Number of protein chains: 2
Amino acid sequence: MNWAVVGVGNIANVFMKAIQHIPDVKVLAAYGRNREKLDAFCDKWNIKERYTDYEQLYKQSSVSVIYLATPHIVHFEHTMSALEHGKHVLCEKPMAMSFEETEALVYAARKNKVFLMEAMWTRFFPINKWLMEFIRSEEFGKPVNVNADFSFEYPYDKDYRFFRRDLGGGCMRSAGIYPLAYACMVFGCLPDEIKAIAQMKNEVDLRTAALFRFPKDCTAEIYTGFQGESQCMANIAFEKGTVVIPEFIHPDTAIIKPCGGEEKRISLLYEEPGLQFEIEHAEDCIRMGKKESPIMPLNESIGIARAIDLVYEQVRG
Amino acid sequence: MNWAVVGVGNIANVFMKAIQHIPDVKVLAAYGRNREKLDAFCDKWNIKERYTDYEQLYKQSSVSVIYLATPHIVHFEHTMSALEHGKHVLCEKPMAMSFEETEALVYAARKNKVFLMEAMWTRFFPINKWLMEFIRSEEFGKPVNVNADFSFEYPYDKDYRFFRRDLGGGCMRSAGIYPLAYACMVFGCLPDEIKAIAQMKNEVDLRTAALFRFPKDCTAEIYTGFQGESQCMANIAFEKGTVVIPEFIHPDTAIIKPCGGEEKRISLLYEEPGLQFEIEHAEDCIRMGKKESPIMPLNESIGIARAIDLVYEQVRG
């Protein structure tokens, strides 16, 4: 299928690198607000059609799928417009800035009968597919608790979008979405109770710790931040053992240990950058005429957006 | 010095094993409610004086230090009486069943000018001493988040003390005190905000997840339970790196990693059972005329008891 890339920053470059791994997929067009950066990106990746107006791209280009890679404050308008022009969309996380916006996008995708998926790349790594099989096998009984962290160092800069509320700043929505979505994946459901504590600066959270209750009395504790690099580890407690996934957002290993038994390592390596798995999955879904992914379903994106809104309601007071 | 052991269950046996490592320390007396079990214990460990009435022990025996190893529902009465008889006390965790009881014990210890310490053995392992030095060095900047879990499998039995509120049941006070006290140790202070979620049965928590805010915007997330064995791992995020302590309640290893750098393992092995370090420390304090430990101070025991009370207030509704 033919794709377009909307946004020409870091993640768009990672996407272009990943898509080289996939046969029969072409990127025909790109959108960038800044002409110079757009040209540099298109020259680098040999992309012909270049747009500094995304609506023109949606109208004129014959591409059928959009990879949405602009800053998340504009995901809503860029995705909504694409859906209304009948384009399928793979949109970077978070798909929008609130529960309401996310719901409106899902509504628009369904109305326009196009495919929409939040680009939760963690779900598509081979080791996470293995993990989901392992959970279904109930070898260790059911999972009861997930403990996961994702914090990285980003020097404070009051003008940078991470630290500006008006530009969608804050670590919970930017980074905390990963451990939260991971817990939702492990339990196969959404949280029904949320408690959070954050360190705020100018109405933006620099560090957030949050607790989630899931149905059947499962729980998750997550930690996220822009200050200090954390282990980025998912520690899953089952009824009869534990599974640890080091570097869970970009993983190749699971460390499993039954109660009272010996630790065992399982490794499933892959070629970098790793984004190719979610792209392949989106391609497959669209080819088969699916309007959403069974692995990253739209109701889950809505539920995760709702959970993040509730965290912010609590920590902003 | 001469010690007595009050209580003759599992942990009393571990204590006796540990005390064999320490020169110049003798256990002269023991108390047990059940004559048969008391005799079996004393025969095994060659203890002469045997009491089925703890007040008799406190009155008649010439021992100067009591190791308090009875079930925690009776810690308060057994410790209070010992303090009032002028005995120094090393009391198993939790030292009492509430903030108020803990405060009363501390008051009694100070009034009677005797040594009192909660037996938080985790603090005295060589690797944890190393960790405290490492934190003071600020090599990785300051610690900002602690993520720790301690859950073990104990089959549900409505008559067993773990599962009876009237016998001091519940995982937060029995097991959750370890990760909570560990976070207090790392930050060198007590939490000032608490949020918790628990799975309750007959007013007793079977699994608890809790979030703590510490001064200077530090946070901790803990998980504890009687259902399913967890990793028992402390994952500490610093400003400039991470430290993981596997099996943090009984540890010999630290895995340290600076931001962007390589992982390194530090091991400090010891002879089992490991309880000897806290016993040596209590001995040293008492010999030097100290009335409390600088490593496990009484105000910290009070603060931890208060934090646990607040968790229960929240989860019991």
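How much area is buried between domain 1 of chain A and domain 2 of chain A, and what part of that area do carbon and sulfur atoms give? In this predicted model, the area buried between these two domains is about 940 Å², and carbon and sulfur atoms give 68% of it. Three residues, H72(A), M97(A) and W121(A), supply 47% of the area that domain 1 of chain A buries against domain 2 of chain A, which is more than any other three residues supply.

**Two domains within chain A**

Chain A is divided into domain 1, which covers residues 2-121, and domain 2, which covers residues 126-269. The centres of these two domains, taken over C-alpha atoms, are separated by 27 Å. Where the domains meet, 11 residues of domain 1 of chain A are in contact with 11 residues of domain 2 of chain A. Across this interface the rule finds zero salt bridges, although five residue pairs are in polar contact. The side of domain 1 of chain A that touches domain 2 of chain A consists of seven nonpolar, two polar and two charged residues.

**Two copies of the chain**

Chain A is superposed on chain B by a rotation of 180° with 0.0 Å of shift along its axis, and the RMSD is 0.0 Å. The two copies are therefore related as by a two-fold rotation axis. Because 100% of the interface residues of chain A are also interface residues in chain B, the copies meet through the same surface.

The contact between the chains takes 42 residues from chain A and 42 residues from chain B. In chain A, the residues that lose the most area to chain B are I197(A), E229(A) and Q231(A), which together account for 20% of what that side buries. Across the interface of chain A and chain B the rule finds two salt bridges, and one of them joins K257(A) to E229(B), with the closest N and O atoms 3.4 Å apart. Among the elements that give two or more residues to the side of chain A that touches chain B are β7 (143-151), β8 (193-201) and β13 (253-258) of chain A. The residues of that side divide into 17 nonpolar, 13 polar and 12 charged.

**The two interfaces in a table**

Key. Residues numbered from 1 in each chain as written. Chains lettered and ligands numbered in written order. Predicted model: local features only at pLDDT ≥ 70, side-chain atom pairs only at ≥ 80, totals over all residues. Heavy atoms only, no water. Least-squares fit on C-alpha atoms with pLDDT ≥ 70 in both. Contact = heavy atoms within 4.5 Å. Domains from an automatic or database assignment. Buried area = accessible area lost by both parts, 1.4 Å probe. Salt bridge = Lys/Arg side-chain N within 4 Å of Asp/Glu carboxyl O. Polar contact = N/O pair within 3.5 Å; in protein donor to acceptor, adjacent residues only side chain to side chain. Nonpolar A, V, L, I, M, F, W, Y, C, P; charged D, E, K, R; others polar. Helix = DSSP H or I, 4+ residues; strand = E, 2+ residues; numbered from the N terminus.
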